[in-house]
Amino acid sequence: MQRFSFVLSRGWARVPLALLLLVGCVSSVATAQEAPQYSEVKPKWNKSDRNQYQEFRKRESLVRDILNARAELTGQNQADFQEFIVRQVFAEMTSLSELGELANRRREFLRERFQMPNSPKAVHDYLVDLTFRTMQVICARNFHPAVRCNAMLIIAELNEVESTGFASSRTPPQPLPAALDFMLAQIKDPNQIDEVRMPALIGVLRHAEMNRLLGQMGVVQRSDTEQREFVRKILEVVYPIAEQSDPPEGRSLEGHAWMRRRAVEVFVALGVTSGRVVALLDEMIADTDAPLSLRLTAARAIGQLPFEGSQQGYDAAEAARHLASMAVEACEAELAWWEEEKKREETAKLNTQSLGGEYGGGAGYPGGYPGAESEGGSMYEEGSMYEEGGYGPGYGMYGDPAAKKEEKKKVDYRLAKTQRRIKHVLASLKHGLDGNPTFAAKTSAVASKREGESPPEEAGILLRSPAEDKALVKSVADAVNS
């Protein structure tokens, strides 16, 4: 009974028997070895054993019949269903030898168990509840960080109502409300690891995006009061992440920037209009010590957030200058990158020449590689098997030389990379300067009141600019766009 104290202390006294079996198996594995680093659960059936595999397929067939309404989820069927999901499907997701397959197992589970068109609602709800409670246990115990991350990603995908319909008639899913509360709690928990916090933040973003999408489609999930509470409790957790410029102990700057970017995306999905959020985004843009990726995410958000009424004290001209300076910084960074690439290539060339002269790849070395000059002349000389004439007129060993030369005409990889990066930077800055009016109107908290009206012709900093600054902001936007 001592091995179940963790679960009971968490207030999960009503956890199904199969979950208690899961926790029991974890404890037995953990104590059977000498100081294991992580726990794992042994699946009930060994599929490499012929007899056990037959039992596995028999149980799998029953689970599929229940999901497709060909068998009832009652009595022994329910016990067998629960045992298969927890002791086999979920247990396989804890195996240390199968960490590379976690993503595939997660996708397979979500696709095959929750997307059955004939699945009864009672079966769906039972499986959602069983999955949710089991994944909570995995998130909290000493499993491998990748296993715990995978469990939180599954929680993030759980729905109260699944997506239905096809093509234009398809409806989006309605995420599980209880999952949102759990994810927010894990993000706030100072004892939780980042490998769980980060997927939890992804899940919160999904809930916010689905809330926006369902609202646009006219699906009423919550009353006005409940909607305000939904936004409030998310911002209460997410805003401090976006606001914290320095990473906490144990978290890299890159990882912290990633979390702050997801927090900014949550702001956009919620369509918040508060001045403090816009002010925070301006601070991110102006922070030259912050990663460029974060500043660009903040710039795009400025162009996507709705704007209601006047914003006292907003310096649009200063905000536009910060965005313009980011374009200059990005170009300077590209020039520095080109210089480093040139140095790297020169070093590699010198190393190649040095190795060639010593080990037989260079000119003057007897029996050099094809193309090297030797006393007998080039192996690529006219008429050789490698050149035109070796296998008939116009065709050498490797085909038509002219055609091969044409195939090798490729864009310099350095130039292609630079073009893509600069294009991304300028597009983000342009978005922040004059924005996406249609998107901003749709994300507005009062979008429903504007139904039938044309969206504003301005967005981003331009929309927030006082009359005397609009010309300046517009000129900067035009310069970036050109």
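**Exercise 1.** How many disulfides does the structure hold?

*Solution.* First, a word on the model: it's predicted, so local features need pLDDT of at least 70 and side-chain atom pairs count only at pLDDT 80 or more, while totals for chains, interfaces and linings use all residues. Residues are numbered from 1 along each chain as its sequence is written, and side-chain values use heavy atoms, with hydrogens and water left out.

Now the test: a disulfide is a pair of cysteine sulfur atoms within 2.5 Å. The structure holds 0 of them. Take Cys139: the nearest cysteine sulfur belongs to Cys149 and sits 8.8 Å away.

**Exercise 2.** Is Cys139 buried or exposed?

*Solution.* Start with the cut-offs: buried is under 20% relative accessible area, exposed is over 50%, and partly exposed is in between (1.4 Å probe, protein chains only). Cys139 comes out at 1%, so it's buried.

**Exercise 3.** Classify the ring pair Phe109 and Phe114.

*Solution.* Rings of Phe, Tyr and Trp (its six-membered ring) pair if their centres lie within 6.5 Å; planes under 30 degrees apart are stacked, over 60 edge-to-face, and the rest tilted. A search of the whole structure gives 9 aromatic pairs. For Phe109 and Phe114, the centres are 5.5 Å apart and the planes at 90°, so call it edge-to-face. Phe109 is buried at 2% relative accessibility, and Phe114 is buried at 8%.

**Exercise 4.** Which residues do ring pairs link into a cluster with Trp45?

*Solution.* Trp45 is joined by Tyr53, Phe56 and Phe84.
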